[in-house]
Amino acid sequence: MEPEKEPEIWYAMRATYRREPDAMRLLEKEKLGCFIPMQYKITIKQGKKVRALVPVIHNLIFVHARPSEVKRVKSQVTYLQYITDTRSGQKIIIPDNDMQRFIAVAGTYNDHLIYFQPEELNLSKGTKVRITGGDFEGQEGVFLKVKGARDRRVIIAIQGVIAVAMATIHPDLIEVIK
């Protein structure tokens, strides 16, 4: 297939040894799309509290590019690797609309977001919902009780990779999707 005709797709990738910032700089230099879910953490440096933006899951990076571009960059950089589905062995490819939803929420760096590994949640127990107002209006996810939160939250999941639970959303701003 000619590179111009290849569609750009989202890959879940790993930048080993906590080199996700290096990978992000390289991908941006190559003009490829990428996203690293980040959150603010308070750390103590030289006796002072410092609020720093750090990756939610070290080594995780999402790359948006044509398959041939990813192959080319991967051949130059040994620490960038595909994340594969443990059952099928296939590279994890994320549909555009799922990734856009995830970035719309995770990209806010909101302190009230809670992140989960996929095996920590049973999404089948939740209700599929759409948010009808507020900062996340139009987003769809699963309404579910999660550990670490008193009330139910709307979850947006990237199948087999990561899930994010939003801040508490007033029930009036949520509609059930049938």
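Buried means under 20% relative accessible area, exposed means over 50%, and partly exposed is anything in between (1.4 Å probe, protein chains only). This is a predicted model, where local features need pLDDT of at least 70, side-chain atom pairs count only at pLDDT 80 or more, and totals for chains, interfaces and linings use all residues. Residues are numbered from 1 along each chain as its sequence is written, and side-chain values use heavy atoms, with hydrogens and water left out.

**View 1. Helix H1 and its buried face.** Helices (H or I, at least four residues) and strands (E, at least two) are DSSP runs, numbered from the N terminus. In H1, residues 20–29, the buried ones are Glu20, Ala23, Leu26 and Leu27. Looking down the axis of H1, you'd find these buried residues within an arc of 120°, so they line one face of the helix; the arc is that of the directions from the helix axis to the C-beta atoms. Arg25 and Lys29 sit on the other side of H1 and are exposed. What do the buried residues of H1 pack against? Their partners include strand E1 (9–15), strand E4 (48–55) and helix H2 (67–76), with contact meaning heavy atoms within 4.5 Å. Just after H1 comes Lys31, with a positive phi of about 60°.

View 2. Strand E3 (residues 38–45) and E4 run antiparallel and are joined by eight bridges; two strands pair if DSSP finds at least two bridges between them.

**View 3. The largest nonpolar core.** A nonpolar core is a set of buried Ala, Val, Leu, Ile, Met, Phe, Trp, Tyr and Cys residues joined through side-chain atoms within 4.5 Å. The largest one has 28 residues, and Phe62, Phe102 and Ile162 touch the most other members. Helix H3 (96–106) is one of the elements that supply at least two residues each, and H3 gives the most, with four.

**View 4. Aromatic rings around Phe102.** Rings of Phe, Tyr and Trp (its six-membered ring) pair if their centres lie within 6.5 Å; planes under 30 degrees apart count as stacked, over 60 as edge-to-face and the rest as tilted. By this rule there are four aromatic pairs. Phe35 and Phe102 make an edge-to-face pair, 6.2 Å centre to centre with 90° between the planes. Phe35 lies in strand E2 and Phe102 in helix H3, so the pair ties together parts that are 67 residues apart in sequence. Ring pairs also link Phe35, Phe62 and Phe102 into a cluster.

**View 5. Glu140 and its polar partners.** Glu140 is found in strand E10 (residues 140–145) and is buried, with a relative accessible area of 19%. Its side chain makes a polar contact of 3.2 Å with that of Arg101 and another of 3.1 Å with that of Arg130. A polar contact is a pair of N or O atoms within 3.5 Å; within protein, one must be able to donate a hydrogen and the other to accept it, and residues adjacent in sequence count only if both atoms are side-chain atoms.
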